[in-house]
Amino acid sequence: MTCIVHISDLHFGREQPLLVAALAAQIAHLAPDLVVASGDLTQRARPRELRAAAAFLSQLPPPVLVIPGNHDMPGAHPRRLLDPWRGWRTHFGPDLEPVVAGADFIAVGINSARRWGWHPDWSRGRLHPLQIEAVAARLQATPAHALRILAAHHPLLLTPAGAGRGLVGGHVLALARLRAAGLDLALGGHVHLGYADVTAGIVVAHSGSSVSNRLIGEANGFNLISGDRTALRVEHWQWQGHAFAVASAVGFQRGDQGWQRAIAPV
Ligand SMILES: [Fe+2]
Ligand SMILES: [Fe+2]
């Protein structure tokens, strides 16, 4: 069984120090096999924000898979267009799409953040067919028993509460191709809401904002995900004013038609 702590949208620069300390302690206590931080680590990719985010992640039990979000590149600054990821690479390394392979899982990051787009909402993300194909190739080269995990900042699935946001560009191709490559679980953020459900036979779990004060009607939180390629349990942990605790849980089972919600949490 694999145990994953999934955090997101830390937004250092708008972080709440009490929650930062509590989250680090909670993750250490949970001792997961993998931590995934699914983007928007900072508010605006300022050097002090990137430094603080990197210092926080360095406290967590390894391995930690981290991918950027749309807030992790400069805002109204020429570098956004010329060299948007320079600050990120200084603190998190050259690879914007890291891969972590464990004994019973593979986790593949994909960078969905774009410096601009042909639409008024520049925060929207996109996946290029070549990125999707590269992920599919990694998944297909993975041993059959290993849980196949994708981390992408922008959503492959939205709930009614997030219906005003857009799905990530390229989601139709991504879901079809990655399902064919055996993807089990996609992790994301961006909408600052915690939820988990199935789309196209793939379990999609989003984490709320784990420690920032950029909230949209939902308490800070993270996900604790456990299971294997036959069954998964996603727990949404939320801040209760003094500590993080389990707020809800949902179970999933994999059958001939791919993943489905279980009648009760597994
Ligand atoms: Fe965010
Ligand atoms: Fe975002």
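The 4 donor atoms around the iron ion, ligand 1, subtend angles of 85 to 172 degrees, which makes the arrangement irregular. For reference, the ideal angle for four tetrahedral donors is 109.5 degrees.

Some housekeeping. This is a predicted model, where local features need pLDDT of at least 70 and side-chain atom pairs count only at pLDDT 80 or more, while totals for chains, interfaces and linings use all residues. Residues are numbered from 1 along each chain as its sequence is written, chains are lettered from A and ligands numbered from 1 in the order written, and side-chain values use heavy atoms, with hydrogens and water left out.

Which residues coordinate ligand 1? They are Asp9 (OD), His11 (NE2), Asp40 (OD) and His192 (NE2), at 2.0 to 2.3 Å. A donor here is an N, O or S atom within 2.8 Å of the metal (3.2 Å for Na, K and Ca), and water is not among the atoms, so sites may look incomplete. Helices (H or I, at least four residues) and strands (E, at least two) are DSSP runs, numbered from the N terminus. Both aspartates are buried, meaning under 20% relative accessible area; exposed is over 50%, and partly exposed is in between (1.4 Å probe, protein chains only).

Now His190, in the loop between strand S7 (185–188) and strand S8 (195–199). Is His190 buried or exposed? His190 is buried, because its relative accessible area is 7%. Leaving aside neighbours within four places in sequence, the contacts of His190 include Asp9, Asp40 and Asn70; contact means heavy atoms within 4.5 Å.

S10 (221–227) and S11 (231–239) pair in the antiparallel sense over 7 bridges; two strands pair if DSSP finds at least two bridges between them. S10 and S11 form a hairpin with 3 residues between them. S11 then pairs with S12 (244–255), also antiparallel, over 9 bridges.

Technical notes:
Four donors count as tetrahedral if all angles lie between 85 and 135 degrees; four count as square planar and six as octahedral if opposite donors are over 155 degrees apart and all others between 65 and 115; anything else is irregular.
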